[in-house]
Amino acid sequence: MASGGGVEEVTNKQVLFKEYVSGLPKESDMHVSTSGTIKLKVPEGSNAILVKNLYLSCDPYMRPRMNQPTPGSQSYVDSFKPGSPIVGYGVAKVLDSGHPDFKKGDLIWGMTGWEEYSLITKTQGLFKIHHTDVPLSYYTGLLGMAGTTAYIGFYEICSPKKGEHVFISAASGAVGQLVGQFAKLSGCHVVGSAGSKEKVDLLKNKFGFDDAFNYKEEPDLAAALKRYFPEGIDIYFDNVGGKMLDAVLLNMRAHGRIAECDPD
């Protein structure tokens, strides 16, 4: 710990992205660094905020951000920069602020760095946390990106009604599992698909789905859906597209609704 000009400067532990990834990410694709430092004061005249990160969220969309950017394959968010801290959603406490909407002591949720302290200059996507009667970690899941996606997609787009039949693909994922539980809370009959026996068991025995199946074991997806939904599907929450969507379209009921969720 040091100080210069009355401003405290501390070591800033960071998780650095080492190099672009092909295939499954490995621990060696990242590096924990303790060599960096940061001043615990927002630069004079800046509208940035300085935060101490409390919880960090690891989400599916982060994997494409590890790819080397190539023309025509860009995602809706930029790739990580080798040698820089990984960036993602998190919960943090404001230590200093030059922004009129945030003050010292505020708790925020939004895009931050995988590091102990972050100086956030792009504050447009930050939300101030007003409700602290639940664990703050919930803002990295149920009350964070996955929960918001599931809630809006299911309730605002699908408009569920009690007794309706709901199908969810990639149902064991961060968003899919929440949609299934929202559907059960709404009094719907819920079936999910996943890619392994372990995930199917998880859906049925932990997340409360009425039924689930391994799509890899079904040679005819349309026939499988007809078996699980003999009267048709009212709501489909789609996390995969492709052949599964084609099969669902053959099994939708009149006035059915489909929510398309980006699988990244």
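Start by selecting valine 51 and serine 118: valine 51 stands opposite serine 118, which belongs to strand S9. Keep in mind as you click around that this is a predicted model.

**Stop 1: the two strands**

S6 and S9 run antiparallel, and four bridges join them.

**Stop 2: the rest of the sheet**

**Stop 3: asparagine 53**

Is asparagine 53 buried or exposed? Asparagine 53 has a relative accessible area of 10%, and the cut-off for buried is under 20%, so this residue counts as buried.

Show its side chain and look for two polar contacts. One, of 2.8 Å, joins it to the side chain of threonine 112. The other, of 3.0 Å, goes from the side chain of asparagine 53 to the side chain of serine 118.

Next, bring up what asparagine 53 touches. Leaving out residues up to four places away in sequence, the list includes Val91, Ala92, Gly113, Glu115, Glu116 and Tyr117.

**Stop 4**

Jump to leucine 142, in the loop between strand S10 (127–128) and helix H1 (145–158). What is its relative accessible area? It comes to 41%; partly exposed covers the range between the buried limit of 20% and the exposed limit of 50%, so leucine 142 is partly exposed.

Together they make a nonpolar surface patch of about 250 Å².

**Stop 4: zoom out**

Finally, show the whole protein chain. You'll find five helices and 15 strands. Along its principal axes, the C-alpha trace spans about 75 × 40 × 35 Å. Of the chain's 264 residues, 43% count as buried. Colour the surface by element, too: the chain exposes about 14,400 Å², and carbon and sulfur atoms supply 53% of that.

One last thing to look for is contacts across the sequence. Among contacts with a separation of 6 or more, 60% come from residues 24 or more positions apart.

Note on methods
Residues numbered from 1 in each chain as written. Predicted model: local features only at pLDDT ≥ 70, side-chain atom pairs only at ≥ 80, totals over all residues. Heavy atoms only, no water. Patch = residues over 30% accessible without salt bridge, like charges linked within 9 Å, V, L, I, M, F, W, Y side chains within 5 Å. Areas by Shrake-Rupley, 256 points an atom, 1.4 Å probe, with all protein chains shown as cover. Salt bridge = Lys/Arg side-chain N within 4 Å of Asp/Glu carboxyl O. Buried < 20%, exposed > 50% of the residue type's maximum accessible area, 1.4 Å probe, protein only. Polar contact = N/O pair within 3.5 Å; in protein donor to acceptor, adjacent residues only side chain to side chain. Contact = heavy atoms within 4.5 Å. Pairing = 2+ DSSP bridges.
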